[in-house]
Amino acid sequence: MPGNLEGQYIKLEVISGKNLRLLSWRIPAGIYVSINVDSRRRWKSAVRMLSSDSSVAWNDIAMILSPDVSPRLTLEAWASFELGRALGNGELIGKLETSWHDMLNHGDEPFVLSFPPIRDVYPSLTLKAAVVHACGNEDIGPLDSTVYSEIGWRTYAAHAQFTRYMKSGSVSTLNDAVEHFQYVLDKCPVGHPDRGAALTNLAWARLQGYIQKDLQDIDSTTSLFHDALALRPQGHPDHPLSLYHLTEALNWRYINQPTPADICESARLYHELLPLCSEGTYLRSIAAGDNGVGYVIRECNNLPTDASDEGIQLRRIVLELCPLGHQHCLSALDKLSRALDSRFTQCGSIDDLNESIQCCRDIISLCPEGCDDRGSYLNNLAYSIKYRFNHQGNSDDLGEVISLYEEALCLHPVGHEFRDVSLDNLGRALRTRFKQCDDINDINRAISLCREALELNPPGNPNRATTFNNLAAALQNRSEKLHDIEDLNEAIDLLRESLQLKQHDHPERHAYLCNLSAALCSHFTESWKNDTVEEAIDLCQQSLAALHPLHPDRSISHWWLQVAYLSRYQVQRNPGDLSLAVENFRLASRHPTQGLPPRIIVSSNWTVVAEQHGHGSALEAYATFFELLDAHMVTRSSIAARRKAAAAFRDARMLPVNAASCALRHHNLQEAVELVEQGRGQQWSLASRLRTPLEDLESRNPNLAHKFLALSKCLSDAQVATGSADRAAADRAAIEYRQLTKEWDTVVAEIRNIQDFSRFLLPPSYDELRVAARNGPVIILIASEYSCDAVIVPTAGQPHHVPFPSLTLAHLEMLKNNFAREIRHAGLMGPTELRKHLRALLRKVWNVIMLPIVNVLQHNLKLRRRSRIWLCPTAAFTSIPLHAAHPFRTKADRSGREPCLEDLYICSYTPTLSALIRSGQTIKMRGMTPSFVAIGQSEPGAGQGTVLPAVDDELKLVHKLIPPTAKFTTLSGDDATRAGALEALQNNTWVHLACHGKQDRKQPYYSNFAMKDKPLTLLDIMDNDAPHAEFAFLSACHTAVGDEEMPDEVIHLAAGMQFSGFKSVIGTLWAVDDAVTKHVVEAFYENMFKEGVIDCTRAASSLNYATDAVKKIIPLEQKIVFIHIGV
């Protein structure tokens, strides 16, 4: 030892190592330093993981030694192949001898010691040595004995032999190494703590021999790695390295024996491995490199599309292995998208399609303009969105599809290899839009595009059959539009040729069979040749035989088979064909994996065919239609989107009343009531589900009630938040909404499993609906293309049918139009002029419609005079002032005039029976001190209407007539803003609103009240939940005028006020005269509060009184403009 060190000690610190490479090229678990202080003892540092730059940082205090140790020492750097329990020393990286004297000569500064070179690089250690004073109980170790076990020495010998093999390539040294490793494994039976290490060492040596083609048995080598991994489960320190070893074996076996299972397993192992490898470690740099996971990703991306659950899970794993910006990310996204599309076509899950679309959108965002593949990726995105359009029927999707295909075509100019594909795709999309919008320009352009594509696909081209099929479909569509037999004949020829190009096992052959069948059916209606329709039936049956039971396209095959059977029935009149057609209607409409819109169209056509041919399945067809339409509406995440979706089924708007008429013709009055209720007012019905009172459920299962309310609120909030113009954002919002809907449906199903809640939120039965008539009969007026009728739901007993044999739907439409004309004409007349034509129309309403109803009320139901009745009109009836029906004649005995409807009964309206029931249920919640707000806006904001000079006087009049017991506030002028009005509606139980009202007949949810800054819309009102509200007087124009396109949805401002919580509402059917309104308002409130009681159920009788009181001082059309809705 240097100098005199009595009472002192030597402190040696191992700081770091660099260029620590292995001759064997094996990846170590870690590196450690060993210092032999004499012949019997050595010190070992901690095992540290190697960094990606082949360095190690220890920063350990190596040891503190007393001065009596040997002056010479041996310093060694070792690679350990285990982080846990070690088997042997590992592989020696470098060894050198030195003295303490040399180490201490460096003073307090770190110094570097280098080992002999390995692969032209010198491994080195950075150390620091110093003399320190003794500190009492100083830890002078730990020093290990240098005695080794037999398996340790044999392992060391094996590592040495293997290293020589990797350096020299001598097979004999490999055999020696394998023999040693095998010996060690034999000494480590099952249960031995070193068995995992022994398995790994032997397997690694054999794998390297296999790679160098010196050994052949890769299967048993892979099994050894599998066994080692099983002994090192998740959490074991050597688990990551065992994962890597197994991937190497699988990859090399795949290179020489390409079996997809190996590369798929390797991908799953890498998916587990990479998160376990810390950034900057040597293992991660190798595993995450191009020859590691990069190779696996490339090979997985080269695998054929697999639409199985396992195949798609693999694609998700591969995508997760490719972070954004990774060179293979686009390919991984594309492969996942294709697999999801493929599974969708087989199973029909919209979740798959939405995920595929999101993948395609991600690809487009990562593929900048100018990218060679952008056109193809645009085609792929459009293709997936087109699938979704076919499944869900959202017109926004179709518009985006066409835009994407147009952009792709621009990127594929004349001469581009994929131009034919872009031409075909755009042509197919335009054909779809033609079927939706009936624009002949679309189908003409589609045919032109397909003909151009066909020129680019000569015989032998694999796309030729597809182009034949697309061109044929377009020609067939045009032939149906223009009745051009030449187009149809060309279509059939093309379809036959395309079918010959599709092998019997081709996955799309079933569609080609159906297309030819459809064309032959069209030809049969022209030629009446039996062999044509027989071939059409056979083709559809072949199509069905080619599809598995849950394939979505079975619905399409059933549809065309129905068409074929029905075509044959119309010629041969064989009842069996009609039955077969109906059975295929049933199968097509109820096929679970097909999208809802196609099934809705099928069920709608089913109702028409059943009605035309008097088939007994008509009511089943109607019920199926309503069930499917309801399920479809639920998928739409906003009120406006639901209306748009419902409006897309143009031919189905009359189905609610047609269904009721069908039930009446089958003498089933209760079912008629149920069907007309189920089919009408769906927008209100769907929205009200999220505001269902839950008192009974809360007492039975409060946790489930709370869960339902929380999800309902989330769904309601989501409806407000899904109006983004960004299509990708809209997709994400729709997916989130769909997930919420699934959770909501699950909770509803749980509720229905509770005793007495089996019909929770299901369409109400007649017994549930008859509650609407507890305070007086409800009269449903049904205007169908098959018959016009009324059904009276009495307070007790069975419903009554009142037919109108002389009234047709055409008569009602004419009557509606005549009323609209006469109301406009009356507005131009002087106030004292007699409204002769208007009186004549009201007389007709009395004679043809209301008198037969009154006869039943008086003679069958014995309903007392001045009793309450509720009118629930449908279709064209909604635009006729039924409450104002009047005979306008004197009695036969000349004793006075005959009474009109409002002389006999107090009339109210209700949009649906359910709406009236809801208002009655919530009326019992009253308990707040009445608060009354009068909202007026005489000078609305720009573009909202002219000045209304009488508004302020009307508000003062209302204030004067309100009982002093009610808290009264006025909101007018600059304070009457949209926000101010909404707050007032929320915080008051009674409301009088005087302003301009606008009913938007095309977009009814944008109907509004004019305010100072911007309009208060119907959507605003619907979002305003006011459960304590009671009464609203809407002194504005057009507040109870329905939707022009969908009158049975009863979408107007008064109905919106009722939905938001107001139990009793007075609205208007047309424009009101600002100057005369005050007379009605004054008479109404005087009667309403004459007894000093604030009761909203008196509104109907007070309106009846008011209109009678002012009949001599205001014109007829202004007297009858006001109606009452609700309780």
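## Helices H33 and H34

Let's start with helix H33 (residues 809–826) and helix H34 (residues 836–860), which pack with their axes 9 Å apart at an angle of about 150 degrees. Please keep in mind that this is a predicted model. Angles over 145 degrees count as roughly antiparallel, and H33 and H34 are therefore roughly antiparallel to each other. Their crossing is left-handed.

On the H33 side, the contact is made by Leu812, Leu815, Asn818, Phe819, Glu822 and Ile823. H34 contributes His837, Leu838, Leu841, Leu842, Lys844, Val845 and Ile849.

## Helices H12 and H13

Now for another pair: helix H12 (residues 350–366) packs against helix H13 (residues 374–392) at an angle of about 155 degrees, and their axes lie 9 Å apart. That angle makes H12 roughly antiparallel to H13. The crossing of H12 and H13 is left-handed.

Which residues of H12 meet H13? They are Ile350, Leu353, Asn354, Ser356, Ile357, Cys360, Arg361, Ile363 and Ile364. Facing them in H13 are Arg374, Tyr377, Leu378, Asn380, Leu381, Ser384, Ile385, Tyr387, Arg388, His391 and Gln392. In this contact of H12 with H13 there are eleven nonpolar, six polar and three charged residues.

How values were computed
Residues are numbered from 1 along each chain as its sequence is written. This is a predicted model: local features need pLDDT of at least 70, side-chain atom pairs count only at pLDDT 80 or more; totals for chains, interfaces and linings use all residues. Side-chain values use heavy atoms; hydrogens and water are left out. Axes are lines fitted to C-alpha atoms, for helices over the stretch in contact, and angles run from 0 to 180 degrees between N-to-C directions. Helices (H or I, at least four residues) and strands (E, at least two) are DSSP runs, numbered from the N terminus. Angles under 35 degrees count as roughly parallel, over 145 as roughly antiparallel, 65 to 115 as roughly perpendicular and the rest as oblique. A crossing is left-handed if the near helix is turned anticlockwise from the far one by less than a right angle, and right-handed if clockwise. Contact means heavy atoms within 4.5 Å. Ala, Val, Leu, Ile, Met, Phe, Trp, Tyr, Cys and Pro count as nonpolar, Asp, Glu, Lys and Arg as charged, and the others, Gly among them, as polar.
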